[in-house]
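Reader: Hi! I have a structure open and would like to talk it through with you. Could you help me get my bearings?

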Amino acid sequence: MFMQCLKLLIPGVILASGGFALAAPASDGDTLYQQNCAVCHGAHGDGGVGVPLNLPDFLAVASDDYLRKTLHEGRPGRVMPAFPALDEQAVDAIIGHIRSWSEKPAPVYSDQALQGNAEHGSTLFATHCAACHGVHGQGGAGTGVTFSRPRESPVMAPALNNPGFQHSVSDAMLKATLLAGREGTPMPAVGSLGLNDQDANDLVAWIRELKVEDERPARGALDPIIQFESSYSLEETLENLKQAVVGRNFRIIRVQYFQEGLTSEGEEDPARVMLYFCNFSFLDEALAIDPRVGLFLPCRITLVDTGHGVQVMTINPKNLSRLFNNAELDKACQEMHDIYAEIMEDATL
Amino acid sequence: MKKYLFLLLLLCSPLLVAQDLFMVRTQLSFPEAMTVLQEAIGNHAYKVSRVQRVDIGLTESGYATDRYRVVFFGDIDELNLLSEQYPELVPYFPMKIAIFAEGDETILLASSFAHLRPNYASGSLQSRFDKWENDIRQILDEVRTAD
């Protein structure tokens, strides 16, 4: 009886997972790629929120080991998540699918460290690499490429100091990338810059010195909301909020009941009200950091008259931001958290 | 039997809660995807309460963007119950799905409740989170697989 139930239930559960991780047979690399990767990297690897994968120069130098470790570990703080739910067979199938975009065989590299002069590499890095990859190798701003809005660069320069990148790439692959460059991106071959083989070794030695620490708080360590109690009436608190919002260069979008649109007009609870507002300059900057910030939009503060006082609440952007694996967005959300707190404090004091 | 079913659901639960964000890409154009999304939300017994036109506000303010909307939706009975039992969670509702054009295709995303789960580890809310996440996955998948 139990086994009969299992047979009936298991397909339902997999279906219920909505085509996400592991819903396809591991042998079907295309399907697994479409389910796990295409949303960011594009159906054919052209890029999007994620970087493009189908560039010939990338596929010519990226080893299977690099791709495998990247899928396992992701890029902490740089949008690309880890995929712990994918087993080895599924990972291999996805790599096989990515390989199908190139006729060249996968390169295989030695794990041995290259010998180079890191100090000289540091000078070369500052001269030739830092403009795109950042002084500390922190990478370019934003996410991958995007087709949804204008961008300063056609592709985001990878963060070379990222622990996921550092662990995934071998010295030999780094050197091969430096020597080949990457057509279709601003990355030149170092030979075109007048650098030689030893210079490439020196650059690799310096890139290995680049490190960053993941300082993000553990799950559960942050409050889910920002909350203040107002000593004013709901109407007075709402007016105070409007003044505080406008005073910080935000535009009021609308005021509506919490239940508006979900129940018949006139039946909404007037004791629960939401104030929507936006600063479009701040929003534009946030979208440049991560086009997925729609989940924070628009700025909203909810007021609830409990009968014993007025609670003024909003989501804690720092808490929501942790879902995005984007350290830049974390910083913007810290700023937004502080703005919310100032507005709410002003309105309730 | 209940014990086995619970065990089965427990074994399967990592599949259902492993993702922080639910994102799908559909080859539907933006207007087509918007229509299918609103239908899918209705198919799961939710009501669309509002569509926030983010792109309109941006372009009116002089910023270039492709089409970008946020669709709010919910179930009035669920929201009333939630605001009685967990009033501090009201700011997270109604639920929302962001939808934006990327070239000829459309991307949709919603957040899981992974960022709220640790704060309610012992409450009955976990099963409610499971239900909402499952609904969101199915809604998004309906849009992803629509012709």
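This is a predicted model: local features need pLDDT of at least 70, side-chain atom pairs count only at pLDDT 80 or more; totals for chains, interfaces and linings use all residues.

Reader: Nice. And which strand does S4(B) pair with over five bridges?

Author: That is S5 (residues 105-111) of chain B, again in the antiparallel sense. Within that pairing, B:Phe100 has B:Ile107 in S5(B) as its bridge partner. S4(B) and S5(B) make a hairpin with two residues between them, and B:Gly103 in the turn has a positive phi of about 65°.

Reader: Is S4(B) enclosed or open to the outside?

Author: Largely enclosed by the rest of the structure, because eight of its eight residues (95-102) are buried.

Reader: Which residues lie on each side of S4(B)?

Author: One side carries B:Met95, B:Ile97, B:Ile99 and B:Ala101, and the other carries B:Lys96, B:Ala98, B:Phe100 and B:Glu102. Both faces are covered, with the residues on either side all buried.

Reader: How many bridges link S2(B) to S3(B)?

Author: Six, and that pair runs antiparallel. There, B:Arg50 stands opposite B:Phe72 in S3(B).

Reader: What's the overall tally of helices and strands for chain B?

Author: Chain B has five helices and five strands. Along the sequence they follow the pattern α-β-α-β-α-β-α-β-β-α. The chain has 147 residues, and 42% of them count as buried. If you look at contacts in chain B with a separation of 6 or more, 66% of them come from residues 24 or more positions apart.

Reader: Great, switching to chain A. What are its domains?

Author: The domain assignment gives domain 1 (17-207) and domain 2 (225-348) for chain A. Their centres, taken over C-alpha atoms, are 38 Å apart. Across the contact, eleven residues of domain 1 of chain A meet ten residues of domain 2 of chain A. On the domain 1 side, the residues divide into five nonpolar, five polar and one charged.

Reader: What angle do helices H2 and H6 of chain A make when they pack?

Author: About 95°, with the axes of H2 (residues 29-36) and H6 (residues 88-99) of chain A 8 Å apart. The two helices are therefore roughly perpendicular to each other.

Reader: Which residues meet there?

Author: From H2(A) you have A:Gly29, A:Asp30, A:Leu32, A:Tyr33 and A:Asn36, and from H6(A) there are A:Ala90, A:Ala93, A:Ile94, A:Gly96 and A:His97. By class, that contact has five nonpolar, four polar and one charged residues.

Reader: And H5 of chain A, which of its residues are buried?

Author: In H5 (residues 64-73) of chain A, the buried ones are A:Tyr66, A:Leu67, A:Thr70, A:Leu71 and A:Glu73. Their cover includes H6, H9 (163-168) and H10 (171-180) of chain A. Just past the end of H5(A), A:Gly74 takes a positive phi of about 65°.

Reader: One last thing: is A:Arg75 buried or exposed?

Author: Buried, because 22 other C-beta atoms lie within 10 Å, where 20 or more is enough to count. A:Arg75 is in the loop between H5 and H6 of chain A. Leaving out residues up to four places away in sequence, A:Arg75 touches A:Met80, A:Ala159, A:Asn162, A:Gly164 and A:Phe165.

Conventions. Residues are numbered from 1 along each chain as its sequence is written. Chains are lettered from A and ligands numbered from 1 in the order in which they are written. Axes are lines fitted to C-alpha atoms, for helices over the stretch in contact, and angles run from 0 to 180 degrees between N-to-C directions. Helices (H or I, at least four residues) and strands (E, at least two) are DSSP runs, numbered from the N terminus. Angles under 35 degrees count as roughly parallel, over 145 as roughly antiparallel, 65 to 115 as roughly perpendicular and the rest as oblique. Two residues are in contact if their C-beta atoms, placed from the backbone, lie within 7 Å. Ala, Val, Leu, Ile, Met, Phe, Trp, Tyr, Cys and Pro count as nonpolar, Asp, Glu, Lys and Arg as charged, and the others, Gly among them, as polar. A residue is buried if 20 or more other C-beta atoms lie within 10 Å of its own, exposed if 12 or fewer, and partly exposed in between; C-beta atoms are placed from the backbone. Two strands pair if DSSP finds at least two bridges between them. Domain bounds come from an automatic or database domain assignment.
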